[in-house]
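Here are some notes to read alongside the model, written for someone meeting it for the first time. Please keep the structure open and look up each place as it comes.

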Amino acid sequence: MRKKLFKSESKRLLDLMINSIYTNKDIFLREIISNASDALDKLHYIALTDESVREKAGAGEINISVDAEKRLITVSDNGIGMTAEELEENLGTIAKSGSLKFKQELSAEDRKKPENEIIGQFGVGFYSAFMVADELTVISRSYKEDTAHIWKSEGASGYTIDECERAQIGTDVIMHLKEDTDAVKYSDYLSTYRLRSLITTYSDYIRYPIKLPVEKTREVGEGEEKKTETYTEIETVNSMVPIWRRSKKDAPDEECFKYYKEKFFDYNDPVSVIRMNVDGLISYKAMLFIPAKAPFDYFTKEYKKGLQLYTNGVLITEACDALVPEYFRFVKGVVDTNDLSLNISREMLQQDAQLKVIAANIEKKISAELKRLLEKEREKYLTFWSAFGVQLKYGVINDYGMNKEKLQDLLLFYSNTEKQPVTLKSYTDRMKENQKNIYFACGKTAQDIEALPAVKLAAEQGFEVLYLTDEADEFVMKTLMTYAEKPIVSVLAEDSGLVSEEQKKQTEEKAKNAEELLKFAKEKLGESVAEVTLSAGLGESASGMNAKGGITLEMEKYFAQMPGENHPKAERVLELNPEHPAFKALENSYKKDPEKAEKLLKLLQGQALLTAGLPLQNTAEFCKLVSELMHE
Ligand code: ADP
């Protein structure tokens, strides 16, 4: 067959492999073995529902052999095999595994860091064989066919595919090792001792036996004739007990973390591993991980939520969606049970009542672990929170707040008195006796919020205020409404209780007296405000911007970022401080020089907008007015 070229992105990775800039070449074997194991998983899954395939599928095993003279290592499996098209598709194209994409997402700077040497961390699969081999041959027979095919490549120049024979279904990957150099002795890999150690290090948990011919010695003959002879015995090298089936003693956290990183393509340790071993009506084992960072595709449609599901040693699905609720979609891991019916289809699986029982338990376990981290390992929780806090917030808001009770104690908000993120529980524990509400204020940054007159007012009364800087925050508070029976209230709300009834009454009185001026103000400012009022809550500020009706200023900002037009707008209320000298000046000029009064009003409105983090109505005009103030 004519030589074919690799697809361009495959070629790039191939170049990396061939030139082998990665230090940890050892991992090639793990990659090839894990492909063999996947191929066995796939075949056994199909065999569940297809009798004819079941007959062809033997007990799964992976055989490794070595031909030292010819410098060959062969990894054989009796798994699903590949047709000619599949050989072409799977081995001619890479980047199906997320690794390459992931690497592209990293900045050039990050890519250089040793901890991000991705190939050393987790799989790039098949091509990693080119780190040690200068020629690769794959002989494969698919379970669908009687003919086999041979795929051959000497690296970047391309590959060929031809027909050939193979007695049984499955795949052989034959690697011809590179010549030794001063720096690397590739022939070390020809030692079964070396291979054995690679298998026990990297592939011990593979569920199928990995068999290797091991050289042994024995005594033969009697008396004078007695001598030692060497012979080869095929040995199963791996323990075959998957990590999640082992006790904590046999699978310490570090080992689980290693497994997690390889399996789920992460280069960070997770913040936590959760082990479950349930014996009951439904028995199962599970190992769950709470990641420390969101994967690059986490907020895209490509991200697949769910846990791996094994029943009776067969991998049913890579991502069983029904096992984790949406708001914990960051959790990765595996569930292994013998209690699910085997010939169930993937669609029906979602409905399975037993699965729901497992899912409910898993949810409780995740909640409990997150609470434990929050209370006992705060640093780790903060790491988790910065990656997935937003997810929990949306969990509160979504489904009409149905899950708010489950999630509210996991939320953190920045507190202006504690100077750090706090829980609602700790806030209410600190509340003053005379404090009726839980207070929050929204803005872009803590600095912006700090400047709000209403926040100052709360501070003067010794009340703690939660600073909300995240888009979702205000919606979260609106959904929660109360915590521990305490109303959660914006410092800007009319009924915030920060201004005394007495003061309110006085201000109302003043507003009545200034009725004409307020009417004039509304007229001059036109559609840009819904109302102009006096407020006793402005402290030292001359003016402030607030909103009436259901949409707050923060919500308006949030909607404004969404695509499309005609976003909901807040009904803006310009509040003036009757105690401020600026108000006196306004009153005076209203009587004597209405034109000047209009200018002052625009200045007061501009200030209020800026303090609220909103854009000015007319920047040029505002600047001109400010400059005018500076005239002698
Ligand atoms: P990944 O395993 O991450 O998908 P690889 O480059 O390792 O990427 O392999 C590409 C594809 O080739 C696999 O997804 C699989 O479909 C196929 N493949 C590799 N090795 C085998 C094998 N031993 N048996 C059957 N298919 C295989």
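**Notes on the model**

1. Asn-566 sits in the loop between α20 (553-560) and β22 (571-576). Helices here are DSSP runs of H or I with at least four residues, strands are runs of E with at least two, and both are numbered from the N terminus. Asn-566 has a positive phi of about 50 degrees although it is not a glycine. Most residues other than glycine have a negative phi. Asn-566 also counts as exposed, because its relative accessibility is 77%; exposed means over 50% relative accessible area, buried under 20%, and partly exposed in between (1.4 Å probe, protein chains only).

2. A word on how to read all this: the model is predicted, so local features need pLDDT of at least 70 and side-chain atom pairs count only at pLDDT 80 or more, while totals for chains, interfaces and linings use all residues. Residues are numbered from 1 along each chain as its sequence is written, and side-chain values use heavy atoms, with hydrogens and water left out.

3. Is α20 largely enclosed or open? The helix is largely enclosed by the rest of the structure, because 7 of its 8 residues are buried. Those buried residues are Leu-553, Glu-554, Met-555, Glu-556, Lys-557, Tyr-558 and Phe-559. Their cover includes α12 (378-397), β16 (438-442), α17 (473-480), β21 (543-548) and β22.

4. Take α17 from that cover and look at how it meets α20. Their axes come within 9 Å and cross at roughly 125 degrees; axes are lines fitted to C-alpha atoms, for helices over the stretch in contact, with angles from 0 to 180 degrees between N-to-C directions. That makes α17 oblique to α20, given that angles under 35 degrees count as roughly parallel, over 145 as roughly antiparallel, 65 to 115 as roughly perpendicular and the rest as oblique. Glu-474, Phe-475 and Lys-478 of α17 make the contact with Glu-554, Met-555, Tyr-558 and Phe-559 of α20, where contact means heavy atoms within 4.5 Å. These residues divide into 4 nonpolar, no polar and 3 charged (nonpolar: Ala, Val, Leu, Ile, Met, Phe, Trp, Tyr, Cys and Pro; charged: Asp, Glu, Lys and Arg; polar: the others, Gly among them).

5. Another helix pair to compare by eye is α19 (515-525) and α21 (581-592). The axes of α19 and α21 come within 11 Å and cross at roughly 85 degrees, and the two helices are therefore roughly perpendicular to each other. On the α19 side the contact is made by Glu-516, Leu-517 and Phe-520, and on the α21 side by Phe-583, Leu-586, Glu-587 and Tyr-590. This contact divides into 5 nonpolar residues, no polar and 2 charged. Pro-581 also lies in α21, and is exposed, with a relative accessible area of 59%.

6. Helix α22 (residues 594-611) has 18 residues, which should span 26 Å at 1.5 Å a residue, and its end C-alpha atoms are 26 Å apart, in agreement; the expected span is 1.5 Å times one less than the number of residues. Among its buried residues are Ala-597, Leu-600, Leu-604 and Ala-608. The buried residues of α22 pack against α19, β21, β22, α21 and α23 (619-629). Just after α22, Gly-613 takes a positive phi of about 75 degrees.

7. Which residues touch the most other members of the largest nonpolar core? Of its 72 residues, they are Phe-328, Phe-330, Ile-362, Leu-370, Tyr-381, Leu-392 and Leu-466. A nonpolar core is a set of buried Ala, Val, Leu, Ile, Met, Phe, Trp, Tyr and Cys residues joined through side-chain atoms within 4.5 Å. Apart from this core lies another, of 44 residues, including Ala-36, Phe-126, Tyr-159 and Ile-206.

8. Not counting residues up to four places away in sequence, Tyr-298 touches Tyr-303, Arg-329, Phe-330, Phe-388 and Gln-391. The C-alpha atoms of Tyr-298 and Phe-388 are separated by 9.9 Å, with the two residues 90 apart along the chain.
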